Amino acid sequence: CLLSIKLANSHSEETMEGNSLAIAFAPMAIPCIDVVRVFLHRLKFRLSPFMPDQSHIHHKFLKIGFSQRAAMITILIISTLCTLFIAFGSRYININILVILVVLLYTLGNCWFSKEIRKRGIDW
């Protein structure tokens, strides 16, 4: 987090091209989107948004057969790809469009996971 804040506050020529604020917080995009999704999901079903459940993306990976380690590594790879996408994309594409694309891709992936879990008949 500290490095993200430092990058976001730097306005020198030494920083990479593109939107430095977006690049600084891109590694946290997937975890933040997941937290917001789970929060809204719990509200939709009139559950306390602060009660634990197993609807986070990490749990979905575990339900379809990933080990803890494989789930963590996969989420880190996805987050890294998201960061690279935002870092390079912010040079050429409006950051608002990039954020919408990341949220859309995350949503499609999450829907696929949910469908796969239902198809396999795995209990939530």
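The structure is a predicted model, so local features are taken at pLDDT of at least 70 and side-chain atom pairs at pLDDT 80 or more, while totals for chains, interfaces and linings use all residues. Residues are numbered from 1 along each chain as its sequence is written, and side-chain values use heavy atoms, with hydrogens and water left out.

Start with the overall layout. The protein has six helices and zero strands, and from the N terminus on the order is simply α-α-α-α-α-α. Helices here (H or I, at least four residues) and strands (E, at least two) are DSSP runs, numbered from the N terminus. Of the 124 residues, 31% are buried; that label means under 20% relative accessible area, with exposed meaning over 50% and partly exposed in between (1.4 Å probe, protein chains only). A contact means heavy atoms within 4.5 Å. Among contacts with a separation of 6 or more, 46% link residues 24 or more positions apart.

Now for the inside. The largest nonpolar core has 16 residues, and Ile-57, Phe-61, Cys-82, Ile-86 and Val-102 have the most contacts inside it. Helices α3 (29–44), α4 (57–63), α5 and α6 each supply at least two residues of this core. Such a core is a set of buried Ala, Val, Leu, Ile, Met, Phe, Trp, Tyr and Cys residues joined through side-chain atoms within 4.5 Å. Take Cys-82: leaving aside neighbours within four places in sequence, Cys-82 touches Ala-26, Ala-29, Ile-30 and Val-102.

Cysteines raise the topic of disulfides. A disulfide is a covalent bond between the sulfur atoms of two cysteines. With the cut-off used here (a pair of cysteine sulfur atoms within 2.5 Å), the count comes to zero. Cys-32 is partly exposed, because its relative accessibility is 44%, and Cys-111 is partly exposed at 44% too.

Asn-110 is found in helix α6 and counts as buried because its relative accessibility is 8%. Leaving aside neighbours within four places in sequence, Asn-110 is in contact with Arg-37, Ile-57 and Lys-60.

Arg-37 also turns up among the salt bridges. There are four of these, each being a side-chain nitrogen of Lys or Arg within 4 Å of a carboxyl oxygen of Asp or Glu. Arg-37 pairs with Asp-34, with the closest N and O atoms 3.1 Å apart. The two are three residues apart in helix α3, so about one helical turn separates them. Arg-37 is buried at 18%, and Asp-34 is buried at 5%.

Another salt bridge joins Asp-53 and Arg-42 (2.7 Å, N to O). This pair links distant parts of the chain, with Asp-53 in the loop between α3 and α4 and Arg-42 in helix α3, 11 residues apart. Arg-120 and Glu-116 meet as well (3.0 Å, N to O), and salt bridges that share partners join Glu-116, Lys-119 and Arg-120 into one network.

A nonpolar patch of about 790 Å² is made by Phe-85, Tyr-92, Ile-93, Ile-97, Leu-101, Leu-104, Leu-105 and Leu-108. Patches are made of residues with over 30% relative accessible area and no salt bridge, with like charges joined within 9 Å and nonpolar side chains (Val, Leu, Ile, Met, Phe, Trp, Tyr) within 5 Å. Helix α6 (residues 95–119) gives the largest share of the nonpolar patch, five residues. Tyr-92 is found in the loop between α5 (68–89) and α6, and counts as exposed because its relative accessibility is 70%.

How values were computed: Accessible areas come from the Shrake-Rupley method with a 1.4 Å probe; for residues, only the protein chains shown count as cover.
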